[in-house]
Structure formats: C-alpha cells, structure tokens
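Hello,

Here is the structure I said I would pass on.

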Amino acid sequence: AERAPGLRHAVVVAQHDNPAGLIGQLQRRLDEQVRLPWPALPAASPISLRSARTGLAAVEETAFEGEPPEAVDLATQRRRQQITSGAGALEQAFALPEGHTFSRDSNAIALSGRNTAVAMVHIDGMGFGQLFRRFDAALQGHPQHVPWRKCLSEAVAAVVRTAARRAIEGVVAARPIVLGGDDLTILLAGVHALPFTVRFLEAFEDGSRAALEPLRRALRDDPGTARAAQVLPETLTAAAGIAFIHSHFPAVLAHDLAFEICDWVKRHLRPSDERPGCSGLALHRVTASHCAGWGEVLERDLERNEREGRLRLTMAPYVLGEPPNGHFRIAALTNLYEASRKLPRGAWREIATLAALSRRQADLRFQRLVEIGRRSADDDYRQAIEDVVTELSDLSAKTDGPPGFWFATADGWMTPWVDVAALRGVDREIPGMTEGA
C-alpha cells in the first residue's frame, strides 16, 4: 500500500492438513473475496505498438499459419507457441498417415458431408470417478498403490485412443478438440457424427474388456491386491452427446450443448450397485441462431403435458446392447433412420412438427401416410412404408404400448420421430457443394 498506492489487492488466511489442499483453499477464498483482472503485461506506453486483435501492447510482429504478419500481444504469442509446440500431437494420437492433418476450417468439414451441417460430439467415460475411489480404497496402504493406479489410468487412456483411431476410419475431414483421459471432443460433418459415435462406443467397450483382463489377473495373483481386482468391472462404458449445428454456428456454444447432453446421458445410464452401466448417446439439432442449455431444450421443445399424459419427443438415451430400464437401442434408431430415407423428407418433417403440437394430430398424419403409401403403385415406396412400420413395431415391442407412432412407457408417451428427423436434416446433399473442391 505504501509503495504502490491505488493497487487493489486481497489478503486471505487458510489452514489445511497438506500443502496441496492449502493452496487450493487459498485460491478458492481469493476467488470468493474479490474478482480482479490480471494485470496486462507488459504495460503499454503512449507510443507503444498495439495488437489490432486485442488492443494490448505488442511484443512481436509475426505471421501465423499463412496469415499476413501482424502485431501480437504477449497472451496471443503464448497461445500460438502452445499451438505450435503441440502441432502433430492429435495426428499422432489418431495415428493419421504421415503428411495428413486435421482440418481447421468448419466449412471444409461441412463440405465433406456435402452440405452445411457439422456436429460437435463429446464422449466421456461413465463411473470413472467412483471406480478410481473404490480402487484407491482397495489398495490403501499397499506399497505399490501409486504404480497400480497409474497402470489403470494408462489402460483407460489407451482404450480411448484405440477407440478414437477405429472411429475416425472413413471420416474425410474432422477437427478433434480434446483427446485425453476418458474424454473425447471432436467436430466433424453432421452425416458422419452418428456412425463415428457408434464405432467409438463399440470399440471402447470391446477394448476395455481386453485391456482390463490382464490387469485383473495381475492384481488377483498378489494377495495384497486381490481385493482391487474385484473392483474392476468386466467392461467400461461411455456416454456421448451430439449437437448438430450449421458450420457457422459458434463452436463454443455447440461444445457446451454437447457436454450437457453427454452429462444428461451419464445421469440416466451411470452404473450403480443395483444395475450395471451401459454405453449410450443422445442427440439434438440446433435450427436457430442461438441455443439454450440442454435442460431448457428438453423442457421447452421436447417435453410437455397433455390430457393423455406426459409426452417426450425423444427416446434418448439410446444404448448399446440390450437396453436396461426401458431404454431403446441405438440399432433401433439407426434402422428406423435407414428405413425413413426412402420416404419423402417433407412428409417426415411435417409429422415431426405436428408431434411438437399434438400427439393425436401427429398420429393421424402418420396413419394417413401409411394408408396412402400402401396404396401406392410404386413398389419401392410401398416397401419403404412397410420397412418404417416394421421398425416402429420392433421399437414398440419393447414397451407396454401397441405398435404405432407413439409408445407408452413408465415416463409417458415417447417417439423417436423427431430424432430421426434431426438425422435426416443433416444428411441432405446440397447440389453444387463439392464443385471446385
């Protein structure tokens, strides 16, 4: 205060059992007490050259990734150095062929799907926090506790990398954002999002079974670690959230939405003592210039009450394998989507719109579509109608309701129609999109 008058500062006092906890507690108390901006260094003088991007004092004038030279401030310089130092790391993690790189242009990513739609996909392992807590408790006091924990952590990370490499096969353009631990976030063409996610979840479950078995056997052979072997599950599971957006939609909002959808799936499918976990996903297509949080989307757009009961315009979360607790399989969603592609896009979209307004009106329009389709002179169209009816019947066989457009469950009436409409909305090829590519 004497040597720097006017300088804002804060003083906090904390006590803790260990240094790491003390530092964390001090940081939290500082954050609670005062919100002060970090000082902009170096300080700018009246004649300092400033960065056109930020207005802060420039520290160098340089070009970056083919752009014209420009003055950059210290923070921008550090960010660019971080990007340059990590160049090629994601390509190596995904085992791309030499000379191949991931795209940085969302328009190019959308172009690979022949339209303007891209998808932000966020995938996260389920129950890992609980798994590591139980694993630590089982090894508490063991001299090799830390090495065993490191083995488990590295096994999980290796499974994620292997699953990512398998999932990326066949994807022409993409931009991974996060690949570390049990997390993966990636931007790719909308038409590739669901196949990519399904391949990842399948590879993740298969790979985890193969990776955990040697670790389980090694733990079982040592009497001091045998209890830790019982903690390890037969397979690991993951949840995925898919947000379909226009290629010009703010990526940060799409990331937040995909993260929230993934977290919602985890809450529904997380393993517990009463039931094993299972991998699953949910999806949503953003059609406005701004998107609310997933909770608000569910409440405002996908759920409502009617006299016949509560309606949900999604059957998510969709799961791999045999569905527990009345959930529906991903295979059922993909089968219905493939069958729907033979029908007019406009009719499907009209029924999806009606479903948001009235269960009865949507059901009547669907029955009318089936009635007209079965009288069609076009053999392929009649077969397409029968394929859709068959897939819907297979879905309803796993609920308490009769075959039809809506299905009765313990949570009310549900339909997959809107989710299929979202998938159909991002697979439409726009003429001329690949000209000159």
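This is a predicted model: local features need pLDDT of at least 70, side-chain atom pairs count only at pLDDT 80 or more; totals for chains, interfaces and linings use all residues.

Seven-stranded sheet

This sheet is open, its pairing is mixed, and its seven strands follow the order E4-E5-E3-E6-E7-E10-E11. At the edges are E4 (174-180) and E11 (328-329); each has a single partner strand, so one side of each has no neighbour in the sheet.

Strand E3 covers residues 117-125, and nine of its nine residues are buried, so the rest of the structure largely encloses it. Which residues of E3 point which way? Ala117, Ala119, Val121, Ile123 and Gly125 point one way, while Val118, Met120, His122 and Asp124 point the other way, and all are buried.

E3 pairs with two strands that you can trace in the model. With E6 (residues 238-246) the pairing is antiparallel and runs over nine bridges. To find the place, look for Val118, whose bridge partner in E6 is Ile245. With E5 (residues 183-189) E3 is also antiparallel, and seven bridges join them. Here Ile123 stands opposite Leu184 of E5.

Val319 is opposite Arg329 of E11.

Four-stranded sheet

The other sheet is open too, with four strands in the order E8-E9-E13-E12 and mixed pairing. Its edge strands are E8 (303-306) and E12 (407-409); each has a single partner strand, so one side of each is left without a neighbour in the sheet. On average, neighbouring strands of this sheet are turned by 30° against each other, with direction ignored.

In this sheet, E9 (residues 309-312) and E13 (residues 412-414) are parallel and share two bridges. Leu311 stands opposite Trp413 of E13.

A helix pair

H11 (residues 330-340) packs against H15 (residues 417-425) at an angle of about 60°, and their axes are 10 Å apart. That angle makes H11 oblique to H15. The crossing of H11 past H15 is right-handed.

Which residues make the contact? From H11 they are Leu333, Leu336, Tyr337 and Ser340, and from H15 they are Asp419, Val420, Leu423 and Arg424. Of the residues in this contact between H11 and H15, five are nonpolar, one is polar and two are charged.

Regards

How values were computed. Residues are numbered from 1 along each chain as its sequence is written. Side-chain values use heavy atoms; hydrogens and water are left out. Axes are lines fitted to C-alpha atoms, for helices over the stretch in contact, and angles run from 0 to 180 degrees between N-to-C directions. Angles under 35 degrees count as roughly parallel, over 145 as roughly antiparallel, 65 to 115 as roughly perpendicular and the rest as oblique. A crossing is left-handed if the near helix is turned anticlockwise from the far one by less than a right angle, and right-handed if clockwise. Contact means heavy atoms within 4.5 Å. Ala, Val, Leu, Ile, Met, Phe, Trp, Tyr, Cys and Pro count as nonpolar, Asp, Glu, Lys and Arg as charged, and the others, Gly among them, as polar. Two strands pair if DSSP finds at least two bridges between them. Buried means under 20% relative accessible area, exposed over 50%, partly exposed in between (1.4 Å probe, protein chains only).
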